[in-house]
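Subject: Structure handover

Hi,

Here is the structure I promised you. Please open it and keep it in view while you read my notes below.

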Amino acid sequence: MRRESQLTPVILAGGEGRRLAPITSPDRAKPFIPLPDGRSLLTKTCERVNAPGIFAPPVIVGQESARFSLLNHARDAGVTPQPILLEPKVNNTAMAVAVAAAYALQTNPDAVLAILPADHAIEPAERWRDTVARAAEASVTAQKICLLAVKPEHPSPEYGYMALKNEGLWYRVERFIEKPKEPEMLLAANGGALRWAWNAGQFVAPARVFAEAFAVQAAAIWLAAQNAVVRARSEWEFTLLDAGAYIGLEPISFDRAVLEKIPSIACTLETSWRDLGTIAAWESYTGMLAAAFTQSPLRNDRPWGYFELIARDAHRVEKQLVIYPGCRLSRQCHRLRSEQWEIIGGIAHIELDDEQIILQAGDTITISPYRWHRLANKEEKLLIINEVQWGAPDENDIERSDDDYGRLKYLITVL
């Protein structure tokens, strides 16, 4: 197998993370939660697969409502997904894996897929990549789905367990137990013919093997996934899966729908691995209390970058804007507010009515109401700006005359 051209990571980033509330919220889903270094779970996952000698560009599967967050958190890792598949609603992992397999068969039938949830902490990345590549080789040879297995560090009822039998180059998966009540009994049996390991929730197989497994074990899901892909439409950097294909589908995990019903194999993941899906796991790994997140600023992703709200009252709003290289905001004006921009980092290219202005770090500019203006980052580094709005700040007080992202709907507040 020429792994440099065929091993395609599929990042599952559609989870809401309800078990992680209040860290998660309707405004901050699980894939976009920042770790202590400021990088999100999705960004960390994208960074692990940013290895052109091993992986092709990733496929990301997520929610249509989070399209710009999916794009931007991948940008933060220096990754350009090919493509971002947008689901119309949360439907658990079986459908997400199925649409990824259906898309691969349509675009690259020989692809080997590595299914990777975006809520794992794994170190070091190099050893993880070696294991995924080994799992790909094993899967192609055996023509079976290959799981990544983790040696349990302690008896935990929070993880799924697999009973493994040594087959030489890999293990044969004999049995699954999801979140056992007495994991101590399982681990006490290690050392015999079977070895109990944590299920890392990551799977590798050729796209055709995934397709065959779905066709036999979850035919309704597979048919829906094929329809969702065939009827999909492209919109900017995104592929919007057909919403009609999701009607009537039962939300079910890939494990339950397929994996627990078929013969599969496993390779051992010799790294530090954590599933950060619960409050206890998050606080243990990060050393940060969940309550601290309720006070942290929310990141609001836009097609050009993102902003964080620093302060707000009835007459004043302060934000920090981050504009990605090569991106620009719409040409716009406001009726109810003035704006002041202070350049924190990078070089700002500004259009103010008919005037072209270039500002650098430390420079400021004031935009009065009714003046058409546009902000662009034409450089190779991030453009960071502090913006203060005063008057009657309102996100709906925007009139656009030109936009790179098709947002020419007028949202002006009428006086």
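Start at Gln143, which sits in the loop between α5 (125-142) and β6 (146-150). Please bear in mind that this is a predicted model. The phi of Gln143 is near 55 degrees, a positive value in a residue that is not glycine. Most residues other than glycine have a negative phi, and most peptide bonds are trans. Is Gln143 buried or exposed, or something in between? Gln143 is partly exposed, with a relative accessible area of 47%.

Trp236 also deserves a look. Its phi is near 55 degrees, again positive in a residue other than glycine. You will find Trp236 in the loop between β10 (233-235) and β11 (238-240). Trp236 has 54% relative accessibility and counts as exposed.

Next, the cis peptide bonds. One runs from Ala21 to Pro22, with omega near 10 degrees. Pro22 lies in the loop between β1 (7-12) and α2 (41-48). Another cis bond joins Gln82 and Pro83, where omega is about 5 degrees. Pro83 belongs to the loop between α3 and β3 (84-87).

Now the inside. In soluble globular proteins, nonpolar side chains tend to be buried together. Here, the largest nonpolar core has 52 residues. Which of them have the most contacts inside this core? They are Val99, Ile145 and Phe210. Helix α4 (residues 92-107) gives the core its largest share, 11 residues. A second, separate core has 50 residues, including Leu70, Leu116, Trp128 and Phe238.

Take a closer look at Ile145. Leave aside its neighbours within four places in sequence. Ile145 is then in contact with residues that include Phe203, Val209, Phe210, Ala213, Phe254 and Leu259. Ser139 and Ser264 are also among its contacts.

Several elements each supply at least two lining residues, among them β2 (59-63), α4, β4 (112-117), β13 (272-275) and α10 (279-286). β9 provides the largest share of this lining, five residues. By class, the lining of the largest pocket has 18 nonpolar, 17 polar and 15 charged residues.

The second largest pocket holds about 1100 Å³ of space. Of its 43 lining residues, Asp27, Arg28, Phe32, Ser69 and Arg299 are the closest to the centre. Two or more lining residues come from each of α3 (67-75), β14 (299-302) and β15 (305-312). Which element gives the largest share of the lining of the second largest pocket? It is α3, with six residues. This lining divides into 17 nonpolar, 14 polar and 12 charged residues.

Best wishes

Note on methods. Residues are numbered from 1 along each chain as its sequence is written. This is a predicted model: local features need pLDDT of at least 70, side-chain atom pairs count only at pLDDT 80 or more; totals for chains, interfaces and linings use all residues. Side-chain values use heavy atoms; hydrogens and water are left out. A nonpolar core is a set of buried Ala, Val, Leu, Ile, Met, Phe, Trp, Tyr and Cys residues joined through side-chain atoms within 4.5 Å. Buried means under 20% relative accessible area, exposed over 50%, partly exposed in between (1.4 Å probe, protein chains only). Helices (H or I, at least four residues) and strands (E, at least two) are DSSP runs, numbered from the N terminus. Contact means heavy atoms within 4.5 Å. Ala, Val, Leu, Ile, Met, Phe, Trp, Tyr, Cys and Pro count as nonpolar, Asp, Glu, Lys and Arg as charged, and the others, Gly among them, as polar. On a 1 Å grid over the protein atoms alone, a cavity is a set of points where a 1.4 Å probe fits but cannot get out, and a pocket is an open set with protein on both sides within 12 Å along at least five of seven lines; lining residues have an atom within 4 Å of a point. Grid points are joined across faces, edges and corners, and a volume is the space filled by probe spheres set on the points.
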